[in-house]
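Morning, everyone. Have a look at the model on the screen, and I'll walk you through it.

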Amino acid sequence: SYGEGPGSHFTGAPYRPVYQKLYDARVSAARETKEVYDSMGTCMVPHGMPRIIGGGPGPTEFIVEPGQVTIIWDYMNELRRIYTDGRPHPSREAYPPTVMGHSIGHWEGDTLVVDTTHLLPGIYDRSGAPHSDQVHLMERIRRIDGNLIEFDLTIEDPVMFTQPWKLRRNYRHIGDRTFEGSYCENSRNPVTESGQSAVLGSEQ
């Protein structure tokens, strides 16, 4: 099993009062039912951005090429393209929102600076903390030693936040592993009548 236990709660996101109240209600309901409902647990909906930056089971692969950086997460075979060829973001009419959004970036020395928009509304983690479809994500990604990649993030949500939210995530190299298919190929998560799985445990 994976993900936060029922009733997990994080602090620090600068929610407007109405959205803080919504989040608190989700946490309270999870504590009462002892269940966490997450449509991603059915293997039908991927983590998406920015949630996947928190990591998932299995390895993560970074492919750096001229004009593009590709990140592949073994869990659910999630793939992210960061275009570094100078293109702008497309219009929302030309590129409707997706779970991964649209990412463009450029290099500042050894740091990849990434700008992501065009995201679907979703949640930050399995505690149910919400975000709107107006999320704008800025990242500074760099390798800070031989085994550590740092994601320095600033998340803006003009709908739900009162100010930008800054946080940091680290990916550590723990040995070579091969990609051996999707985790969801062998999914055995119990599914409720609503089509959501009720899965408890720890994701990290």
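Let's begin with one serine. S132 is buried, at a relative accessible area of 6%. Buried means under 20% relative accessible area, exposed means over 50%, and partly exposed is in between, with a 1.4 Å probe and protein chains only. S132 sits in the loop between β8 (130-131) and β9 (136-145). Helices here are DSSP runs of H or I with at least four residues, strands are runs of E with at least two, and both are numbered from the N terminus.

Before going on, a word on the source. This is a predicted model: local features need pLDDT of at least 70, side-chain atom pairs count only at pLDDT 80 or more, and totals for chains, interfaces and linings use all residues. Residues are numbered from 1 along each chain as its sequence is written, and side-chain values use heavy atoms, without hydrogens and water.

Back to the serine. What does the side chain of S132 make a polar contact with? The side chain of D157, at 2.7 Å. A polar contact is a pair of N or O atoms within 3.5 Å; within protein, one must be able to donate a hydrogen and the other to accept it, and residues adjacent in sequence count only if both atoms are side-chain atoms. A polar atom of the S132 side chain also lies 3.0 Å from the backbone nitrogen of Q134. Beyond four places in sequence, S132 is in contact with L120, P121, D157, V159 and M160. Contact means heavy atoms within 4.5 Å.

Now the sheet. It is open, with 8 strands in the order β2-β3-β4-β5-β6-β9-β10-β11, and the pairing is mixed. Two strands pair if DSSP finds at least two bridges between them. β2 (60-65) and β11 are at the edges with a single partner strand each, so one side of each has no neighbour in the sheet. From one strand to the next, the twist averages 25°. The angles use axes fitted to C-alpha atoms and run from 0 to 180 degrees between N-to-C directions. β10 and β11 run antiparallel, joined by 8 bridges. E150 has N170 in β11 as its bridge partner.

Next, the core. The largest nonpolar core has 29 residues, and Y15, Y124, I155, F161 and W165 have the most contacts inside it. Elements giving two or more residues to this core include α1 (17-33), β3 (68-73) and β10 (148-156). A nonpolar core is a set of buried Ala, Val, Leu, Ile, Met, Phe, Trp, Tyr and Cys residues joined through side-chain atoms within 4.5 Å. Beyond four places in sequence, I155 touches several residues, among them P50, F161 and W165.

A cis peptide bond joins M49 and P50, with omega about 0°. P50 is in the loop between β1 (37-38) and β2. H118 has a positive phi, near 60°, and is not a glycine. Most residues other than glycine have a negative phi, and most peptide bonds are trans. H118 is buried too, at 5%.

Last, confidence. pLDDT is the predictor's confidence in each residue, from 0 to 100. The chain averages 82, and 78% of the residues score at least 70. Over residues 188-204, pLDDT stays under 50. Where pLDDT is low, the predicted coordinates should not be read in detail.
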